[in-house]
Amino acid sequence: MMKKAAIAMLIGSTLAMAGCQQEAADPLKVEQVQLQSDAEKQAYALGAGVGGFIEQKLAMQEELGIELDRALLLKGFVAGIQGQSQMTQEELQALAQALDASVREAQQVKSAAEGEKNKADGEAYLAENAKREGVVVTDSGLQYEVLTAGEGDSPGAQDTVKVHYRGTLIDGTEFDSSYSRGEPAVFPLHRVISGWTEGVQLMKEGAKYKFFIPSELAYGERSTGKIGTNSTLVFEVELLEVVKSAEEATD
């Protein structure tokens, strides 16, 4: 891993740049090259693939305020593939570790700042939402709105449910949807976020509710996909069927 990290740090932003082994006024200038044989295409493809990976890594680091000189990256790569690096393997490993540590620290600072903002934004959103007619607030802080009342059974915490749902952030950004996948989701109710476990038990089969879930009843300080730290979540949920637990089914 150390060796790979060191090499990655020194690889240029793209291996697909023609003229990288020649002195040029602009070492990062991209030129079109003629690729005839399979071997030439494979060499170019390998370089372009690795270069694209490094470009993504550089872009991520730049978002965190860590910028590296791309011309020096390219020079380091050229020196490395020619076995003429100015640095020892130990120096490369130490510098790679230092860079990784800087990235982790910057990510933690960014995540903490985003978490504080998400928390404040979510609390303000819920405070206003609670004033709307038809919105009910439970003791836990969960908010819900009945869109369609059902007439079937209500699930227990140990039951498995079949639902259709759409999940968004408070700004409307969709992060998950069974509708988009074209099929309902089936899962044990006690194995999801606590806002779901509590809220879906309030429903009857055939009902459609809208849930407004505070971060502490959702993913809390965890982040996953489009869901950032301390995010308040909004779900539209249709309870299609209550599948009784295995214990009840054998009674």
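Modeller: Of the chain's 251 residues, 33% count as buried, meaning under 20% relative accessible area, with exposed over 50% and partly exposed in between (1.4 Å probe, protein chains only). Bear in mind that this is a predicted model, where local features need pLDDT of at least 70, side-chain atom pairs count only at pLDDT 80 or more, and totals for chains, interfaces and linings use all residues. Numbering runs from 1 along each chain as its sequence is written, and side-chain values use heavy atoms, with hydrogens and water left out.

First, the layout. The chain has 7 helices and 7 strands, taken as DSSP runs numbered from the N terminus (helices H or I, at least four residues; strands E, at least two). Along the sequence, they come in the order α-α-α-α-β-β-β-β-α-β-α-β-β-α. Take contacts, which are heavy atoms within 4.5 Å: among those between residues at least 6 apart in sequence, 70% join residues at least 24 apart.

My spot is the end of helix H4, which covers residues 89–129 and includes Asn129. H4 has 41 residues and should span 60 Å at 1.5 Å a residue; its end C-alpha atoms are 58 Å apart, which agrees. That expected span is 1.5 Å times one less than the number of residues. The buried residues of H4 are Leu92, Ala96, Leu99, Val103, Ala106, Gly115, Gly122, Leu126 and Asn129. As a rule, an α-helix has 3.6 residues a turn, so residues three or four places apart point the same way.

Now zoom in on Asn129. Its relative accessibility is 6%, so Asn129 counts as buried. Setting aside neighbours within four places in sequence, Asn129 touches Val135, Gln143 and Phe212. Tyr144 is 15 residues along the chain from Asn129, and their C-alpha atoms are 9.9 Å apart.

Gln143 deserves a look of its own. It belongs to strand E2 (residues 143–148), and with a relative accessible area of 3% Gln143 is buried. A polar atom of the Gln143 side chain lies 2.9 Å from the backbone oxygen of Leu126. Beyond four places in sequence, the contacts of Gln143 include Ala130, Val136, Val137, Lys210 and Phe211. Val135 and Phe212 are also in contact with Gln143, and both touch Asn129 too.

Strands pair if DSSP finds at least two bridges between them. E3 runs antiparallel to strand E7 (residues 233–243), with 10 bridges joining them. It is also joined by 4 bridges to strand E5 (residues 185–188), again antiparallel.

Conventions. Polar contact = N/O pair within 3.5 Å; in protein donor to acceptor, adjacent residues only side chain to side chain.
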